[in-house]
Amino acid sequence: MADFLINTLGLPAWLAWTVAAVVAAVLILHVIAGGALVFIWAERKIAGRIQDRLGPTRTGGKFGWLQSLADGIKLLAKEDLMPDGADGMLFRIAPYVSFCASFCAFICLPFAFDVVGQRLNVGVFFVIAVLGLEVFGVILAGYASASKWSLFGAMREAAQVVSYEVPLGMCVVVPVMLAGSMDLVTIAEKQAGWFTNWFLFHDPFTFVVFWIYVTCAVASVNRAPFDLAEAESELVAGFHTEYSGLRWSFFFMAEYGSMFLVSALAALLFMGGWNGPIPVATLLGLSEGTGDTAHYLVRLVGLANLIGKATLGVLMMMWIRWTLPRLRIDQVMTTCLKYCTPLAAAMFLGAMLWQIALPGGLVPVLHRPAAEIREGWLPGPGGEVRARDAVSTGDAVSTGDAVAAKVAQVGS
Amino acid sequence: MMPGIATFADAVLAAPLPLAAINWHSFFFVLFAALACGFAVAVVAAENVVRMALYLVLSLGATAGLFFLAGAEFVGAMQLMIYVGGTLVLLVFGVMLTAQAPFVSIKGSGRDKVVAGVVGAVLLAVLLQAALSVKAWRAPAAGVVADPAATPIGMALVGVRVDEPGVGAPARNVRPGYLLPFEIVSIHLLVVLVGAAYLARAKRRKIPRAIDVAASAEPPASVAEHAAIGRDRQRSGSVLAGGR
């Protein structure tokens, strides 16, 4: 976008970058805040239907679709309370820490090809690293509230999130291995085409890994049945017992933001990202480079695809939440350490062996995009780097160019 | 629409702006550096353990920002994952182990502060002298800077160096990569992990639990015998207590 501003509108570079950065940041903020509004309403409706109730029906007409907005106004009007014994500075800063972590992870999350705040070469890694920081706000809140319920909740959350990062990381490594890159854009590009190209259906091991990922993702964003940190039957409200009003709502925006984030990550890693189940755009002859309108149309469809998949993921989390009872803390730990971790490790090995034994998949008729980034790294028979597909191996090309430039430099 | 915006932009640019051109790179470098240094000082100055941890996290996070600014994305993400995430665990255990009143608030005496200040100043002087004495670091970087990519690191770890001019060179000139150090570190970490699990395992009970004893014992023949067993257990006290 900055390039567009510089080249087309003739803005100076610093202004163009500023505008681009502000637009990206505001858009991400809207994804989180607007998403939270919609998802909170959806959660109440789904909870109602699952429990044989109607949910909100009156605010804003037929389906109560203005309920979240009314809730928001109520939260704004609430008194901002702080316990006497609380550590004021930490108590105030904790919701922002949670929210910032959730927000930062969105920076390198691609919504469609090139529709990404900042394309990072280590996108997956960055998202996982930043997502783990969200718990920091929860721990600060639990400590600063000067309440035993809050501290209990925070400690549970810390133990849970730190444990579940292990199997989550192992699950995430599998698509990274298949794509040969940690760049989220590259990973999603590798799954272009029919839905059989999705890493979910790559082999039986990745299919299992996906479900382990779902389990760990639900646990790492602290949703039922893993919501030990706010177990209201035991801990009043857990870490946010002492919070009210807007500060409380920041925690929830962070939570819904993270839910959307891990769902979008699941879509990108396992379900083709912005590539739909049926490559409509390719069948219609619309592809990158056929003209500006088609170009934007393809991206718009991709955007709809990704947001649709991520929303499905969030709805599934709600379904799980209102169906399953809450686990005990020891059961949570057992699930993580005795089942998820060994299973993820075994599936990781299995996927690796499958990739060595059957790199083309079981059904060679279906076209798979060339996933062999590794081959591109090896010197070809003629002693030069083999030509690579420019779209699917973006980072390989850039580094290859750098290598070529270096060779040229040495030669001269 | 576009010409309109262009003329608007020209008009804006024609106006005398106080900030004619901001060098965002320098701006963010100064910002992150100031944040890192400021919060580092705050870690030392704070008296509360948890606040110290917060400042440490912010300082380390600002350092990660510097890495990202330098284009070292992998190192930056590593910094976030290991140092910032590690501080989190440190905080949890720090709070859990030192939650007693004398440790929550740490106040150094005046003498401590003087000694710490002198040691810190000497260390800073040595580091600055060392850093500034390297000529190559003072000149702006010249030459080709590759796009940041984590793949060469990963490839080097499994034994293939793609960042060296070994591409196209005869095989004997290709450097071996970091496979051996990587394996050594992996085995080392595995040993540490197994050792930690061994130390933290649930200890086997030396004294059987009362319920196991009751389950394995022969049923008492008479009421009097039953009462005798009960008395014995009460006297020894350990069996019924579960033997922890």
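This report walks through a predicted two-chain model, from overall confidence down to single residues.

Residues are numbered from 1 along each chain as its sequence is written, while chains are lettered from A and ligands numbered from 1 in the order in which they are written. Since the model is predicted, local features need pLDDT of at least 70, side-chain atom pairs count only at pLDDT 80 or more, and totals for chains, interfaces and linings use all residues.

**The two chains**

Let's start with the big picture. For the complex, the predictor gives an ipTM of 0.74 and a pTM of 0.75. Helices and strands here are DSSP runs, numbered from the N terminus: helices are H or I runs of at least four residues, and strands are E runs of at least two. By that count, chain A has 16 helices and zero strands. Chain B has 11 helices and, again, zero strands, so reading from the N terminus you get α-α-α-α-α-α-α-α-α-α-α.

How much of each chain is buried? A residue is called buried if 20 or more other C-beta atoms lie within 10 Å of its own, exposed if 12 or fewer do, and partly exposed in between, with C-beta atoms placed from the backbone. In chain A, 46% of the 412 residues count as buried; in chain B, 16% of the 244 residues do.

Contacts tell you about the fold too. Two residues are in contact if their C-beta atoms, placed from the backbone, lie within 7 Å. Take the contacts in chain A with a separation of 6 or more: 74% of them join residues 24 or more positions apart. For chain B, 50% of the contacts between residues at least 6 apart in sequence join residues at least 24 apart.

The pLDDT is the predictor's confidence in each residue, from 0 to 100. Chain A has a mean pLDDT of 76, with 80% of its residues at 70 or more. Among its elements, helix H15 (residues 373–377) of chain A has the lowest mean pLDDT (40) and H9(A) the highest (88). Over residues 369–412 of chain A the pLDDT is below 50, and this stretch has 71 contacts in the model beyond near neighbours in sequence.

Chain B averages 72, and 56% of its residues score at least 70. Of the elements of chain B, helix H1 (residues 2–14) has the lowest mean pLDDT (47), and helix H6 (residues 110–133) the highest (88). In chain B, residues 1–9 have a pLDDT below 50 and eight contacts beyond near neighbours in sequence. Residues 11–19 of chain B are also below 50, with one such contact. Where pLDDT is low, the predicted coordinates should not be read in detail.

Now for some packing. Axes are lines fitted to C-alpha atoms, for helices over the stretch in contact, and angles run from 0 to 180 degrees between N-to-C directions.

| Helix pair | Axes come within | Crossing angle |
|---|---|---|
| H7(A) (residues 148–179) and H9(A) (residues 204–220) | 9 Å | roughly 150° |
| H4(A) (residues 88–106) and H6(A) (residues 134–144) | 7 Å | roughly 165° |

Angles under 35 degrees count as roughly parallel, over 145 as roughly antiparallel, 65 to 115 as roughly perpendicular and the rest as oblique. H4(A) and H6(A) are therefore roughly antiparallel. H4(A) passes H6(A) in a left-handed crossing, meaning that the near helix is turned anticlockwise from the far one by less than a right angle (clockwise would be right-handed). Residues in this contact include Leu90(A), Phe91(A) and Ile93(A) of H4(A), and Phe136(A), Val138(A) and Leu140(A) of H6(A). The contact residues divide into 13 nonpolar, three polar and one charged. Here Ala, Val, Leu, Ile, Met, Phe, Trp, Tyr, Cys and Pro count as nonpolar, Asp, Glu, Lys and Arg as charged, and the others, Gly among them, as polar.

H7(A) and H9(A) also cross in a left-handed way. Among the residues that meet are Val161(A), Tyr164(A) and Leu168(A) in H7(A), and Val209(A), Ile212(A) and Tyr213(A) in H9(A). That contact divides into 12 nonpolar, three polar and one charged residue.

**Two residues to look up**

Is Val124(A) buried or exposed? Val124(A), in helix H5 (residues 123–131) of chain A, is buried, because 25 other C-beta atoms lie within 10 Å. Leaving out residues up to four places away in sequence, Val124(A) touches Val172(A), Val176(A), Met182(A) and Leu184(A).

Asp52(A) sits in the loop between helix H2 (13–50) and helix H3 (67–77) of chain A. Asp52(A) is exposed, with 6 other C-beta atoms within 10 Å. The phi of Asp52(A) is near 65°, a positive value in a residue other than glycine.
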